[in-house]
Amino acid sequence: MKRLLILFGLLTMLPACATAEIVVEEAWIRLPPPVADTAAGYMTIRNHGDQDVEITGSRTSAAEELEFHAMAMHDGMMHMQKMEKVVVPAHSGISFDPGGNHLMLVGLQHTLKAGERLMITLETSDGQEVTIHAEVRDMRNRSEPAKHGSSDSHHGMH
Ligand SMILES: [Cu+2]
């Protein structure tokens, strides 16, 4: 009986140990022009946990900085600005899509090539580090930019 109780105790602890609450899907980088010092990236970050999770850090081996950018309208023009806070809501997710919010690789360390996979690491407020590989895609020869997933209402820019 005692043994059974211990086993039961271990089992109930398991959910707290299961760490894969933040999952990154559909990560890719748009191949920039050869002279560019920056590149835009896109991804969906899902949160399977019960609590909102903040992305507290982001880095890539391919660039000096990896920033999250938001698009905002100023004087009739779209501008991008660094997001102060990136929060992934519990049981939900956030998307970075072409024409909208995106990741920005600033200070590229080398000229990117189509098909190359860049390592991206995200740090979260609950102490996780999520590392993924984002493929560099050449979108110039495609008539329609990036049909990915459902949220495809915005086009243009980046
Ligand atoms: Cu940007």
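Two strands are said to pair if DSSP finds at least two bridges between them. Helices (H or I, at least four residues) and strands (E, at least two) are themselves DSSP runs, numbered from the N terminus. The model is predicted: local features need pLDDT of at least 70 and side-chain atom pairs count only at pLDDT 80 or more, while totals for chains, interfaces and linings use all residues. Residues are numbered from 1 along each chain as its sequence is written.

**The whole chain**

Along the sequence they follow the pattern α-β-β-β-β-β-β-β-β-β-β.

**Strand 1 and its partners**

Select strand 1 (22-30) together with strand 2 (38-47). These two strands run antiparallel and are joined by six bridges. For an example, display Glu25, whose bridge partner in strand 2 is Thr44.

A residue is buried if 20 or more other C-beta atoms lie within 10 Å of its own, exposed if 12 or fewer, and partly exposed in between, with C-beta atoms placed from the backbone. Of the 158 residues in the protein, 22% are buried. A nonpolar core is a set of buried Ala, Val, Leu, Ile, Met, Phe, Trp, Tyr and Cys residues joined through C-beta atoms within 7 Å.

Which members of the largest core touch the most other members? Select Ile29, Met43, Leu103, Leu105 and Ala134, out of 25 residues in that core. The elements giving two or more residues to this core include strand 3 (53-60), strand 4 (63-74) and strand 8 (102-108). Strand 2 gives the most, with five residues.

Next, centre the view on Leu105. Two residues are in contact if their C-beta atoms, placed from the backbone, lie within 7 Å. Beyond its neighbours within four places in sequence, Leu105 has contacts that include Ile29, Thr38, Gly41, Thr60 and Leu66.

**A loop residue**

Finally, select Asn101, in the loop between strand 7 (92-96) and strand 8. Is Asn101 buried or partly exposed? Asn101 is partly exposed, because 19 other C-beta atoms lie within 10 Å. Leaving out residues up to four places away in sequence, Asn101 touches Phe68, His69, Ala70, Met71 and Phe96. Asn101 and Ala40 are 61 residues apart in sequence, yet 9.8 Å apart in space, C-alpha to C-alpha.
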